[in-house]
Structures are given as structure tokens and as C-alpha cells.
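Open the model in your viewer and keep the selection panel at hand. The stops below go from one selection to the next.

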Amino acid sequence: MEITKAELLSFYETMVTIRTFEEKAAELFAAGKLPGFVHLYIGEEAVATGVCANLTDKDYITSTHRGHGHLIAKGGRIDLMMAELFGKATGYCKGKGGSMHIADVNLGILGANGIVGAGQPIAAGAAFACKYKKTDAVAVCFFGDGASNRGTFHESLNMASIFKLPVIFVCENNMYGISNYQKNHMNVSDISDRAAAYGIPGVTVDGNDVVAVYEAAAEAVDRARKGDGPSLIECKTWRHRGHFEGDPCIYKDPKEQEAWLKKDPVLSLEKKLTELKFATVVELEEIKAAVKEKIDSAVLFAQNSPDPDPDDVLTDVYAS
Amino acid sequence: MKQMTYAEALRDGIRLEMQRDPHVYLAGEDVGIFGGCFGQTAGLYQEFGPERIVDTPISETAIVGHAVGAAAAGLRPIVEIMFIDFMGVCMDEILNQAAKMRYMFGGKAKVPMVIRTPCGAGVSAAAQHSQSLEAFFTHIPGIKTVMPSTPADAKGLMCAAIRDDNPVIYIEHKMLLGLQGDVPEGEYVIPLGKADIKRKGSDVTIVAWSAMVHKALAAAEALAKEGISAEVLDPRTLNPLDKDSILNSVGKTERLVIVHEATRTGGFGGEIAAIVADEGFDLLNAPIKRVTAPDAPVPFSPVLERNYLPSEEKIIKAVKELF
């Protein structure tokens, strides 16, 4: 499959948007402007971008506590996301969810999730609905290496397999379940090996290479749309920052961190774009500047937005 | 009206709603060809086929979790958890997903799903197959809790639960499944949150739900012979709770006994007592009494189990203490 210039540039813009959004969130959090806590996606941008490039608004995703990247890649609105991080009434969840619960059901985004591994059965269920309604829509479940140890992983992959559900399980293996290194929390090195237990295809790809992710996801999405059932894709990647902002990261090997920073997915794509002469350094700077402007205006929107009405604590508990 | 068992009536409700709305389907362990552990779903597989009556693996987490995703994506799943005791296995999917999705997303999601599950002791099924755990669910905002006591209520509340746009825990008592009664034919929907006076009385209000309604009715019958007129009020749904009907009844009788099969501490009876103490203190002419199971697991031996359960005699004793 030949990737076009337009596709690669679109990947780049998405990845830069995620990176810039997250850097801004880090800055705002450090300045004490965001309530709660935030888990940033910096370093893992190629995964969400490469996968979601295969999806339309009719397809579903489930996300994680580290969800900003998935939401942006699936088309989520940055201004509404930022307002939600601030807990404002104009935010995606009207200030009721915060960073860990942003959703846009109309875009098929069934929510970030504060419970590790909770998205797996939910994605299987969304895929069940796609199949039940006889559409060719699919569901993608993003989760981490840590979540592949949850019982939800086993139950959901098994159920998806026997029901041949159109769901793609995308494991973002960033090598850590919070502070616990992969070698300490499982005795397999490739999480994709676990697919064999459910009789479904499993592949491992370089999660920092957006094209590799895109191609693996394209195959799995195509398989799902054709009614051939679920797949597991493991994307090996690295969380540049801590589990949460403020995490001192004492558990990380500085040399390993350094080695992974050299494989930064955004910088790798910049290199590729310039080598292929798809863009000049100046043109890439222009993209970055335009993205920065969008993020800045999202922050302005959020900061200028009203807080929720205190009485709204009781609305939206039930649908009437 | 037609004579039906409680199990047939709830199945009639499921069947009618499935005929009415193609988005309704049923999934769970052994609900298909096998027809459900207690026969509740017998015949549905033959009528609706494997796409709508779905046998699942023994995976309670994925059963409830998939229903959350399917509901958020536009279907109206009914899932069965074979015994309420197994709800612990899928509690995150209820507690943190189904119940909270709408709120966390600022009202932008709808999770219309029913979790059907049998509760209750009485067949020596011991501690892991006999519990009454409704208070787990009434403590979670975002879900509704329904506990029918008669065949007619089983049907009417099932239809309402399926049509509701929220997650509903529908708790069917295993000792009631074979109970016969008159059931309205055709469409029959009982709004959630509407109590039913199962017996009118003037001297004491007995609030009881699920299987305990029948023990309360037997107690009321015996009390009548002794000149005490007991009103038996069945809230039918604990959330939403028909508080007004309870307060109205207590306003009339000035005495309240609450009966539930669940263990005492933290049971929903405490909540009703608190509501009446708070909002109806002046109505009362005697202390509020609770007749419940003791704070112990459900025992196996029939002798122990009989002593464990609230009985007609225990209810009569509690009522008499108020006079």
C-alpha cells in the first residue's frame, strides 16, 4: 500500500495537534490551572493517528485514562476538550467528566475511561451493535499493556472471537503499567502472542511508526468490515512522561528513556516527510504554527467559558 | 386476564417488547436452547433465533460490559446474570460504566439496558446462590432497581424496564418463578416508581417487596383474625421509590414495619426507615420495626435456612410489638 503525500501530511498534522495539546495541558497543569489530574499521550501519537485514519464517524472507539490523543485522532473538538479539562460548562461533558471521561457519542467516541481495561467489553458491545444492525461499521478498543492483564481482556477477546465481532483491539504497549515494567507484569514479550489463545490474528508493530500502525490497522479494519472478526494489534511505544503529570518517574531507566526519545514518532515523521520531499522544514513549521494557534484559541475559549451552574450536580443522572 | 406463572409473565413481557422493537435482544449464559437456568427464557430462542437470543460464554464481565457498549451504540440489550450472587463478577461494568456513562458524558449518552437476575433463598442453594443484594444497586445513582412480587407485576415491570432509557436491574425472586396469578394479556406496562397496595389496612403499614410480600400478606391475614388490620405496601421498584405512597400509608396507620429478605445492616429497609423518620416523624405513633435476615451468609441446611429467613411468625411478632 502506497501512502500518499496528502495522507502523510494529514497524519503529521494530527500528531502535532496531539503533541501540542498535551504540551499545553502539561503547562496548564503545572501552573495549577487544571483541576484533578491528567495522563498525557506524548510519545504515543502515532498509534491513535495511524489507527483512526482508517475510521469514519460511524465507527466506534473506546479510549483510556490516557485518552486525549484518541479523541483528537477520531475527530474530537479541541475547544470542547480543553474546556472539559478546565471543568467548564462548555466542555464536552459540561464539566462533569474531566480529562478521564471525555466522550463524543456522535463521533463514535464512547469515552475515555478511568478504569483500566473497562473499554474492552464496551468496544465488543459496540461492535456487537454494528453487526446486529448489519452495518459495516467497526469498533476499536485502545488499551495499554497493563490492561491486557485484566479479566476484561480475556472475556472480551474470547467473546469477540466466538461472535466474530467487528472489533480491533489495539494494545498500546508503552512498557509500563503505571510504574510496573512489562517484564515484571507478564511473562510474554509480545502481547500479540495472546491473540492465539482466542483464535484471532495478532500482530506486533512499531508503534512509533505511524505508517506501520496505519497499515496494520487497515488490514484489521478491512477484515472486521468484511465480517471476518476481531484482531489484536500490539503497538510498541513509549510514554515520554510519567503515568500522570507530577509522576517523578523514578522507575524509568534514563538510558532507555533517552533511546526512546530518539525514536520520537513526531520527529521520525518529520524526517520522513523531508526525506521524501513531501514538505520542507519551513512548511512543517507552518503546520506547527497553525496548530499552536488552534490550541491557544481552545485555551482562550476554555478560560473564557463559564463554570457549571452548581445546581447542575443533579442533572444527567438519569435519562428521562 | 390469563393465568400465568411469574416466569411465564416476565417472559411474556420480554417477548412482547422483542416483537415491538427490533433493537431489543437477550443475551446471557444458557438463555438459548437451554431456556435459562430456571426456564425463564424457554421458547424465546425458537421464536427469535440465535441473533436475538444470544448464548454467551461464562463471562459475566463481558456479558454486562458488552451490553453497555451495545446500548451506547443504539441497541436495547437485556442480559441475564444467572444468580444475583454473580453480580460481583461484573460489578465494575454496573458501578463505573453503565451507571455513570450518562452523567460523566454530560448527559450525551443513553444506556438503555436491563440486567435480569434471580435472587433469594429457600432452596438450600447456600451462601453463593441465595442472596438478596438489592441494596448494592440502590446505593448507585444512575441505575434503577426493580423487584416484582407477582406475575402481573413481573410482566408490567419487565416491559417498563425494557422501555426505560437507563440501566435497570430487574431482580426476579427464584421462589416466585412458579407462582401463578392473573396477568393482563397484550401490552401491559407498569410505570417504574409506582407502589402497589397489596392489601388495604388501617392499623399498621407493612412495607415488603419481592417474595416478602407474600409472607407479609400471610401475616396480615393472621393478624386480621386477631383484630389488627395491616396494610401491605409493595414498592415494586426501590429506585425510583414511591416515597409518597409509603408516607401516605403511614399517615393512615401510624405504624410501620419493613420486611426484606436481605441482611439487616445497610439493607434498603434502613433507607425507608430513615425517610419516614425524616419526613414522617409526626405521623408515627410507634417505633419503626424491621424484619430482615440476620447479618450472616445464607446457610445451607434447610433447618438453618428456615431460621435465617424472615417468616410470617417473625412479621406477626414485630407488628404486635407496636401495640
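This is a predicted model: local features need pLDDT of at least 70, side-chain atom pairs count only at pLDDT 80 or more; totals for chains, interfaces and linings use all residues.

Residues are numbered from 1 along each chain as its sequence is written, chains are lettered from A in the order in which they are written, and side-chain values use heavy atoms, with hydrogens and water left out.

**Stop 1: the largest pocket**

Select A:His65, A:Val116, A:Gly144, A:Gly146 and A:Ala147, the closest to the centre of the largest pocket among its 31 lining residues. A pocket here is an open set of points on a 1 Å grid over the protein atoms alone, where a 1.4 Å probe fits, with protein on both sides within 12 Å along at least five of seven lines; lining residues have an atom within 4 Å of a point. The space in it is about 360 Å³, a volume being the space filled by probe spheres set on points joined across faces, edges and corners.

Next, colour helix 5 (119-132), strand 2 (139-144) and strand 4 (176-177) of chain A, each of which supplies at least two lining residues. Helices (H or I, at least four residues) and strands (E, at least two) are DSSP runs, numbered from the N terminus. Strand 2 of chain A has the largest share, four residues. By class, the lining holds ten nonpolar, 16 polar and five charged residues; Ala, Val, Leu, Ile, Met, Phe, Trp, Tyr, Cys and Pro count as nonpolar, Asp, Glu, Lys and Arg as charged, and the others, Gly among them, as polar.

**Stop 2: the second largest pocket**

Move to B:Gln131, B:Ser132, B:Leu133, B:Ala262 and B:Thr263, which lie nearest the centre of the second largest pocket, lined by 18 residues. Helix 6 (134-138) and strand 13 (256-263) of chain B each give two or more residues to this lining. The volume is about 250 Å³.

**Stop 3: between the chains**

Show both sides: 39 residues of chain A are in contact (heavy atoms within 4.5 Å) with 46 residues of chain B. The buried area, the accessible area (1.4 Å probe) lost on putting the two together and summed over both, is about 3300 Å², with 64% from carbon and sulfur atoms. On the chain A side, pick A:Tyr132, A:Glu155 and A:Tyr318, which lose the most area to chain B.

Finally, select B:Glu51 and A:Lys134, which form a salt bridge with the closest N and O atoms 3.3 Å apart. The term requires a side-chain nitrogen of Lys or Arg within 4 Å of a carboxyl oxygen of Asp or Glu, and the count between the chains is one.
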